[in-house]
Amino acid sequence: LIVLFHCFFCLQVLNEKKLQEVDSLWKEFETPEKANKIVKLKHFEKFQDTTEALAASTALIEGKLSKNLKKILKKIVAKDAHEQLAVADAKLGGVIKDKLNLSCIHSPMVTELMRGIRSQIEGLITGLPSREMAAMCLGLAHSLSRYKLKFSPDKVDTMIVQAISLLDDLDKELNNYIMRCREWYGWHFPELGKIVTDNLTYCKCVRKVGDRRNFASSDVSDILPEEIEDDVKAAAEISMGTEVSEEDINNIIHLCDQVIEISEYRTQLYDYLKNRMMAIAPNLTVMVGELVGARLIAHAGSLLNLAKHPASTVQILGAEKALFRALKTKRDTPKFGLIYHASLVGQTTAKNKGKISRMLAAKTALTIRYDALGEDTSAEMGAENRLKVETRLRHLEERGIRRISGTGKALARADKYQNKSEVKVYDPSGDSTLPAVSKKRKIQEVEEQEAGVAVKAKKFKAEMKEETNVEEGEPVKKKKKKKEKKKQPEEEEALAEEPPTSPTVEMKHHLMSPSSSRVDAVAKLAAQ
């Protein structure tokens, strides 16, 4: 077994049986004498200068095979082709196996062996003072750190973080400067602020003209359209502003120069940030835009740190204060943070913003990891994921429209037209103004009326028979109630002795008699 240690010397293992006990292997490297019984120096390659050592160390860290290491391994292959090569890096072992067809091993035993060799390296290499060894290690460490700092891939993330922070600061400063300029010049020409609404155009007009009395003789057609220019000139003639000195105008113009310069630099910085984002994180830029993507990277610290966050953290990144306040008060947690400013979340309705932000955060987390850890630099994955989110957004919006239309989940379908010929008959029931009564109720009322008429007819016949019997002098069989039997017989005799009269008189007689009812009299009169 041959051990490759730090790509500049190789060691031969003398006793492989002691390497099997991994847990107690450190005891064999307690002293230089014990270490020499386990391993022996086989080959040593000296570097010419620090640059060569730095190149070999950099290739070793990146898992690549340097030219010097390739020459050393070829010498070993020529002598001991049957030996196995123990390496500390599995990736480097795979490269050596592919290019030189050497059998490489990497295991916990090899790791412990490397640790033991490192602790006794001064005793294994003879003729090298410890002070020189320490100086060479320190010089190589400084060179390696300088190289990492110079060619670090995270350095580009730092540029994005600084650019987006400066862009936000410039926006704040521009707002303060423009507000101060409008308020300052507004004392002299207040009508200009209402006519010219664009801030940059306002500052350009003030810088070119200065005093409002110069508007009549100045040509600002390259800044303003003709209609607005005419309005400004007309307002300048009848302005209610105060008079200011030339020194005041010069200071205002100097402030306008600052605003215009900062605006131009902001435009240049935005273009730089856009290009840098497309180079570093193209898929993230396609998903949420360069500004939102840069703010996410700045909030996380770097693209690699952002890639370590889950989708739920990406969704509420930037809303930590609201999140902890909601958790403390036991209320609903926020649904979105910086991702709220993405165009996909902005174009949806308020009801679906939570759903879209959750899906967008999930797809954004995938694109971030693809940009940070993947080797491909294309933006195809971001475009595909954005299309999925847009499809989902369209589906949610259409489902809401279908619910409003009342057709449920299915889309409105037009049924096939079928011509049905029907002969319509005029319904005369609509001509009557009387309230409609059900047939069942009508039948009940008719039956009750017929029964009442039959009872009245029977009573009338019985009374007629009584009258005829009284006239002939026959006794009358009376079927009356107990109350009627107790009446005085004198009244009955008086009634019987009276001569027959006309129907009207007879009607009066029945009405006056206590033995008849008014209902019977009415029925009798109706029958005659």
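These legends accompany close-up views of one predicted model. Local features need pLDDT of at least 70 and side-chain atom pairs count only at pLDDT 80 or more, while totals for chains, interfaces and linings use all residues. Residues are numbered from 1 along each chain as its sequence is written, and side-chain values use heavy atoms, with hydrogens and water left out.

**View 1. Helix α10 packs against helix α12.** Helix α10 covers residues 199–209 and helix α12 residues 246–280; helices are DSSP runs (H or I, at least four residues), numbered from the N terminus. Their axes lie 9 Å apart, at an angle of about 140°. Axes are lines fitted to C-alpha atoms over the stretch in contact, and angles run from 0 to 180 degrees between N-to-C directions. The two helices are therefore oblique to each other (under 35 degrees is roughly parallel, over 145 roughly antiparallel, 65 to 115 roughly perpendicular, the rest oblique). From α10, the contact (heavy atoms within 4.5 Å) uses L200, C203, K204, V206 and R207. From α12 come I252, I253, C256, D257, V259, I260 and S263. These contact residues divide into eight nonpolar, one polar and three charged (Ala, Val, Leu, Ile, Met, Phe, Trp, Tyr, Cys and Pro count as nonpolar, Asp, Glu, Lys and Arg as charged, and the others, Gly among them, as polar).

**View 2. A salt bridge joins D257 and R207.** The N to O distance is 3.5 Å; a salt bridge is a side-chain nitrogen of Lys or Arg within 4 Å of a carboxyl oxygen of Asp or Glu. D257 lies in α12 and R207 in α10, so the pair ties together parts 50 residues apart in sequence. D257 is partly exposed at 23% relative accessibility, and R207 is partly exposed at 38% (buried is under 20% relative accessible area, exposed over 50%, partly exposed in between; 1.4 Å probe, protein chains only).

**View 3. D222 meets K208 in a salt bridge.** N and O are 3.1 Å apart. D222 sits in the loop between α10 and α11 (226–237), and K208 in helix α10, 14 residues apart. D222 is exposed at 59%. K208 is partly exposed at 43%.

**View 4. R386 and E390 pair within helix α20.** Their closest N and O atoms are 3.3 Å apart in this salt bridge. The residues are four apart in α20 (residues 380–405), about one helical turn. E390 is partly exposed at 25%.

**View 5. Q315 is buried.** Q315 is found in helix α16 (residues 311–315). Its relative accessible area is 12%. Leaving aside neighbours within four places in sequence, Q315 contacts K335, F336, G337, I339, G354, S357, R358 and A361.
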